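User: I should like to learn how to read the features of a structural model. Please begin with the general idea each time and then turn to the case at hand.

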Amino acid sequence: RGQCAAAAAAAARRRERRERRARGRFLVRAALGTATSAMLVRNLGYAPLVVSRLGLRRPGAFDGSDESVVLLWWAALLVNSLLQLKWFFTVKENLPTLNGAQRKRFLCAAAYLIGSTVRALYPVNWEVRPHACMFNTSYIGSVLGGELVDRVLATGMELAIAHLVVSAIADVSELHARTSAARLARACFYLVGVAQVACWLGVVTDNKLYHVYEEGLWGIAFTVLLGITVHTRRVIAVRDHPGEIGQARLLTAICPLISLYLAFLFTHDIPMYLRQWAADQAAGTKYNDLQSGMQALLQCDAVERSFAMWQEGLPWMTATFVPGPYIAILLLEASVRSEVAIHHGASPWPLLGWRAARPARRPSAEEDVVAAASSAS
């Protein structure tokens, strides 16, 4: 039995080294692919070909001009979306069998990723009036690139990421007999639902004050979640059990993510919408009623790609499309593996350097040998 245990430990170390080398190769390929794509788009004139094939208005010379900045940003989003999809399917293959609650988390992560990919391919600029799209008004551009589809996808994405964060915090709180904290965390999800109603009122009427209310509700909800996370992390009695270690690491990772989000919310988003609302008030802007506003959402008539028109929306769109899906995938994997670690005794979060919670669905030849030796003994 001692020899079997030593062989199992050696196999686990070899598997961990292979995983780390694979992660290193993936990151290097991602960096090289992004840099190569940017150079091709910038220097070899590939962007005009891609743009014309997709029905975009043909841009000017790619010499750092106004349009080229926005189109380079768009090309980088497409490359990033492909990397995110590749990573998502890699994580899916290595996850253990999912139960009901874990399957719901998986669907939320998938919904966020799909919504982010479609919205990155057909971005809509909500910060100008009339709202601008990057595509022309052909059939594809008016449907997938329209405002209504963008808003529906955004609602699904925001509810999905909120569910992932809330469920991760509430489940850990419940496991440590903090029932009131778990209920309070789940109540924050309903605040996010109310924020979605305010957001829809804002996009239909085009009154930026509703977006101030929306972002304020997000800020309240995630401030409460941050407090619950910090307090639950402090009361977790971390012993040698891998499940508790994984839960502590999960909450430790969530704290800075929420802090960064709140900092972005209160320093960029809310001041931006307040500034826009004040400008509308000073200009005497007339807002849409619900009927005319819904009709305006059915398609995007204005095509605009100048950096001056897009610059105010680029920060929050970049934050939504670039780190957002990675965070959703990490929350999915960490939550699932933390639960598995409670029952299987192994540390979660293999993508951050720890061992997998259980072997992948396809064990290696070395693991088969170890398992056969163990069963024979």
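Analyst: The expected span of a helix is 1.5 Å times one less than its number of residues. Helices (H or I, at least four residues) and strands (E, at least two) are DSSP runs, numbered from the N terminus. This is a predicted model, in which local features need pLDDT of at least 70, side-chain atom pairs count only at pLDDT 80 or more, and totals for chains, interfaces and linings use all residues. Residues are numbered from 1 along each chain as its sequence is written, and side-chain values use heavy atoms, with hydrogens and water left out.

User: What span should helix α7 have, and how far apart are its end C-alpha atoms?

Analyst: Helix α7 covers residues 179–205; its 27 residues should span 39 Å at 1.5 Å a residue, and the end C-alpha atoms lie 40 Å apart, which agrees. Just after α7, Asp206 adopts a positive phi of about 65°.

User: How are the strands paired?

Analyst: Strands of a sheet pair through backbone hydrogen bonds, either parallel or antiparallel. Here, two strands count as paired if DSSP finds at least two bridges between them. The 3 strands form an open sheet in the order β1-β2-β3, with mixed pairing. Its edge strands, β1 (124–125) and β3 (302–303), each pair on one side only. Strand β2 (residues 132–133) pairs with β3 in the parallel sense over 2 bridges, and Val303 in β3 is the bridge partner of Cys133.

User: Is Thr320 buried or exposed?

Analyst: Buried means under 20% relative accessible area, exposed over 50%, and partly exposed in between (1.4 Å probe, protein chains only). Thr320, in helix α12 (residues 314–321), has 19% and is therefore buried.
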